[in-house]
Amino acid sequence: MRKYYQNILFQLKDLKIRKALVNDQAYLLSLEQKVIEAERPYNSTIKSKGAVYYDLTSLLIDDASHIVVAEVNNQIIGTGYAQVRESKKSLKHSKHSYLGFMYVEPEYRGLGINKLIMENLIEWSKAQGILDFYLDVYDGNDAAIRAYEKAGFSKSLVEMKINLGE
């Protein structure tokens, strides 16, 4: 096991966080399905087939959005996006940055890659004049909650639901 992690750490010397390109879209679609699969245990109402979270075509070309990928040896191993959105009229800030599509391949988790992705997204957002950030995470996803709390996020709002059809 130690040799495995030494190999991973060696590979991380070649880690790059870069803006996603339109020709990355096929791989991003496969990562989207991995995000959906990872979140399915926290939400039984996610479609078993054909579930889609993101409009990747729009996110890749929209000036108010910034998708990045983490790459090791030219292989994409993680992703995330920031999107400038209008805030609720009741808030002090008129716009915020929403972070989503946060994913790192399982064998690369725990190495700070998600933090580097978030730092890149936050820096891009700050360059857009945005200082307020939001993201969604499932209540039972303790590992993700801990990672976001380590990055400075705190719980803000709890979404509640009911399905009367079951």
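Tutor: Let's start with charge: Lys and Arg count as positive and Asp and Glu as negative, while His and the chain ends are left out. This is a predicted model, where local features need pLDDT of at least 70, side-chain atom pairs count only at pLDDT 80 or more, and totals for chains, interfaces and linings use all residues. Residues are numbered from 1 along each chain as its sequence is written, and side-chain values use heavy atoms, without hydrogens and water.

Student: How many positive and negative side chains does the chain have?

Tutor: There are 22 positive and 21 negative ones, and the centres of the two sets lie 4 Å apart. Each charge is placed at NZ of Lys, CZ of Arg, CG of Asp or CD of Glu.

Student: What makes a set of residues a nonpolar core?

Tutor: They must be buried Ala, Val, Leu, Ile, Met, Phe, Trp, Tyr or Cys residues joined through side-chain atoms within 4.5 Å. Buried means under 20% relative accessible area (1.4 Å probe, protein chains only). The largest such core has 22 residues, and Leu-99, Tyr-108 and Phe-153 are among those with the most contacts inside it. Helix α4 gives the most to this core, five residues.

Student: What does Phe-153 touch?

Tutor: Leaving out residues up to four places away in sequence, its partners include Leu-99, Met-118 and Tyr-148; contact means heavy atoms within 4.5 Å.

Methods:
Buried < 20%, exposed > 50% of the residue type's maximum accessible area, 1.4 Å probe, protein only. Helix = DSSP H or I, 4+ residues; strand = E, 2+ residues; numbered from the N terminus.
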